[in-house]
Structures are given as C-alpha cells and as structure tokens.
Amino acid sequence: LDVSSSQHLVTDTDFRNGSFRKQLSETVKSLLALKVIPIFNENDAVSTRRAPYEDSSGIFWDNDSLAGLLALELQADLLVLLSDVEGLYSGPPSDPDSKLIHTYIKEKHQGEITFGDKSRLGRGGMTAKVNAAVCAAYAGIPVVITSGYATDSIIKVLQGKRIGTLFHQDAHLWTSVKEVGAREMAVAARECSRRLQAMHSDDRRKILLDIADALEANESLIKVENEADVADAQDAGYDKSLVARLALKPGKASIYLFLDLCFTLIIILQISNLAKSVRVLAEMEEPIGQVLKRTELADGLILEKTSCPLGVLLIVFESRPDALVQIASLAIRSGNGLLLKGGKEAKRSNAILHKVITSAIPKSIGNKLIGLVASREDIPDLLKLDDVIDLVIPRGSNKLVSQIKELTKIPVLGHSDGICHVYVDKSAKVDTAKRIVLDAKIDYPAACNAMETLLVHKDLSSNGLLNTLTKELQHEGVTLYGGPRASSLLNIPEAHSFHHEYSSMACTIEIVDDLQAAIDHIHQHGSSHTDCIVTENHEVAEIFLHGVLQCCSIS
C-alpha cells in the first residue's frame, strides 16, 4: 500500500517502567512526524503471561486493552476499535431484537447489555472492546467501536458521521432529552395508528381540517424556516433543481402519487395552497372499510374483500417539504402510522411542518402517529424492523431507491428514474408541438415527470419544425444534447447516455425514423415513468399508447 510502518513488540513489564513509557511517547511522536505508522503487538515470545491467549492478568491482555493503554499514554485525540460488527448492540447482533447503541452511557447501558459468544476473530471479543473503551473514555479519550469490514469506516468516523458506537466521558450530559430509538418510534406509530383506525370517518376528516387551519395559522413561521433552508442550500452551492424542489412558493404545482388503502393510486395535489389541498383530501370518499369484492363460497357463506390500512409506512423523500404535508395527510385519512425521513437540506422546513401537523392531532390518538426521523444514520435500523413497518416508499434518486431495496426485507414501493420522453410525430401541428414541448421541459424541470428526451420524426428535420423546437428551447435557456443523428445535424454536443435524468434546464434530442422507432427507443432507454406523443393522427396515437406501457402515457 506504499505506507511506511514500524512494528513494536511490548509486554506488561515494559509499561511498569517509567523511562520506557517516556521513551515510548517520544518514539511515537517522532515516527508520526516522519509519516511512519507505528504498529504495536504483544511480544508473545518473552511474555510473562502463563497462557498468552487465556491468561487475562497484567496491565493489558489483548489488542483492545493494549490500544486503550497506548491511547492513554500518548494522550490521543481519538481511539477507534474495529470489530466484525457495526458496533455495540444491546444484545447478540444475531438477535433480531438487538439494536445498535449509537452512544454508550455507562449509567444506562452497563446493566442492560447482553453479550453473545465471543467472535472467532481476536482474543477478547466485544466484552474486551467495551472494557477498553470505557476505561479510555472515562480517562478523557473519546472512543468509537465500528466495523472493520465496512468501506471507509475510519474516514467516516473522522468526518464526524454517526457510525458505530461512541464512548465519551460527557455522554451522560447529552441525553437530557430522551433519545427515541428506531423501534420505539415505529412501535409508537403503530399503536397510534390502531387508535386512528378505530375512529369514525368524520373524526379523521376533522383532524385534516384542523391541520389545514394550523398550516394557515403558522404560515409566516413556516415561510421563515423554508426560506432559511433555501438560503442555506444556495450558499452551499446545491444544484438549482434541488433548490427548486426545496422552495415552498405560490404557483408551484406538483403531482404526487401515493398508495391508498384500496391499493390504488391517488393523484393529488396543487401545492400552491397546502391547506387547500388538505381540505380537498378531507372531503374525499372514506377509504377504510370499502367492499371491493364479494363472493358467495357456499349457501350462506360470503367472502368479502374489504379495504383496510396498510399499517406503518416508512417514507424516505428528498428535498420536498411540500411532500411531507401530502404524505401525512394521506396517512391520517387512510388510518396509517407514518415514519418520515426528508432530505437534510429541508431539515428546518420539515421540522416546523411536522410540529404544526402533529400539534393538530388529538391527544386521544397521540402525536407519535407521525414520527420524523432526525438522522440518515437511523434509516438502516428502521429498515431492519420488518416486524413493525409494513411498507417502505422511497421517493428520490435511483441511488436512494436501489440502496433501500438492498438493505431491507420490508416490501418496497419505489420508482428509481424519471427518463420521460416526448415524441413529436410527423403529423404534429407546429404550435401544438411548441407549447407541449416547452411546457414539458421548462414549467418545472425538477419534477420527476419533466421531459428529459425529445424524439422527433425524421420528416420534421426537413420541414423546419425540428429547428423551430430547438431554437425555442435554447431561447428559454435549455441546454441541448443530441443523440448521434441529432448532434450531427444540429451541431450540438452529443449526450453521453440516453438513460439520463437531468432534472434541470437540459435535455437530449434525437431523430427517429418513424413511430415504431420511437417506441423501440423508449423501451430501450426509458424508465417506464411518463411518455408523451404529439400527433394529429388518432390511429398513431392509439398505437403509441398501447405500445408504450408506462406509468403515464399521454397523447
């Protein structure tokens, strides 16, 4: 690895010698100044220990206690102990009821932890690590126990990320407000949801009306927090598309899809007025207890399929504080418990919206019906709770959705990409094509159903419509990239991939031979989200709609 290192073999006797300990400190400082990494091990060849791998007498008895001793001698800034698990658990890591302890508090955890069998690796196991960590931490050396298998664990610790288990002499001072663990939050949401489900439809409707009133009453406060988030995002240099999703502003329209109790999709809401959208939802038909199907199995024996709540939902979304209001309202109307994790860039907006909404929930139900997950590091713990959480819905990037699917056994409802196409057929009218194409790209380019690829029939390159569309898009500030044919003809940069979601004022243009070529292109490079055809030919439109089976096909 091209790293200079030095090996030092020590015994208990060495640490009983004052001059050795002084020399040790000076030696390590000199080596580090020369960028040489010192590596310490027990000198088993001359150890006075009766059985080096069994006898635990002496000043140190394994690498963990040796590491703690060295950290104290050298007055280290931090001690990192690597394990074969993520950190210290409340019980054996293989036990599904065990949970990762992020911050060790001696007064709280000393009598609660149950240690399992010692690991196959090393001499002391987790018991030895905890003993060494407690000793070092209460002598003033912060300690983190984390996985030696996970990628970049040490780097993440140094970056201050919440991984592993932290030991610190002041940890007891950080818990004046009781931390709510992942399981406690999920169980509380489930218990509250059961009380909500038992309510009459009119009572749940009134909760939504109270939430709408609360949103209006706190409008100025919500605006202040949202503007602070937007300002922080701009100062941090976030992409304009993310800032656009972050802002709660009049005129912003969005379509949000969510699973209701009847297992169908509700298309909702106009975000220009959050309170109005909540009232619209309150007036919708009661979703619980609807008879969807009735079958007579035998004389007097009727089997009914009835809509019911899903249970507890975990929704992970990115940078859309308006989505929090939509999701919470839908959950209440449908009798579901809810755990929400929004993007860190919308932390203030999400916090105030959550506070306003939960304050309107009656005490008979409990404000823990909707839990707001504070840290991204809590998500892995939540994804393990397949006995409490019934459905996970990730709303965000391809990377987010893919990661969540890999980390959980809980059913996941997620759509990764929004590679949306507009195909302009040879029969399209110029004005119609212009209006649709411009609106699909520039009205809200950060939306998941914004146009990312414009497909144009080859005949339109000779009648001027292709040039017209290109100039109109460029005039509006859209950066254009082309497929092999379009980039050559229009003299624009070639797109590195057709499967790319810009989510900004940019898009790809390509020329296709005919309708079938457009359909084939969409099948090969699309993401089954939203696709559109602009045509005056009804037969062509029907072929497109039947040929492109997307979440939303438009003609």
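This is a predicted model: local features need pLDDT of at least 70, side-chain atom pairs count only at pLDDT 80 or more; totals for chains, interfaces and linings use all residues.
The side chain of E216 forms a salt bridge with R279, with 2.9 Å between the closest N and O atoms. Because E216 lies in helix α8 and R279 in helix α11, this pair ties together parts of the chain that are 63 residues apart in sequence.

R279 also meets the side chain of D213 in a salt bridge, for which the N to O distance is 2.9 Å. This pair likewise links distant parts of the chain, as D213 belongs to helix α8 (residues 201-217) and R279 to helix α11 (residues 274-282), with a separation of 66 residues. D213 is partly exposed at 41% relative accessibility, and R279, at 26%, also counts as partly exposed.

A further salt bridge is formed between E472 and K434, whose closest N and O atoms are 3.7 Å apart. Here the connected elements are helix α17 (residues 465-475), which contains E472, and helix α16 (residues 430-442), which contains K434, the two residues being 38 positions apart. E472 is partly exposed, with a relative accessibility of 25%, and K434 is assigned to this class with a relative accessible area of 23%. Across the whole structure, the search finds 16 salt bridges, among them the pairs E216 with R279, D213 with R279 and E472 with K434.

Methods
Residues are numbered from 1 along each chain as its sequence is written. Side-chain values use heavy atoms; hydrogens and water are left out. A salt bridge is a side-chain nitrogen of Lys or Arg within 4 Å of a carboxyl oxygen of Asp or Glu. Helices (H or I, at least four residues) and strands (E, at least two) are DSSP runs, numbered from the N terminus. Buried means under 20% relative accessible area, exposed over 50%, partly exposed in between (1.4 Å probe, protein chains only).
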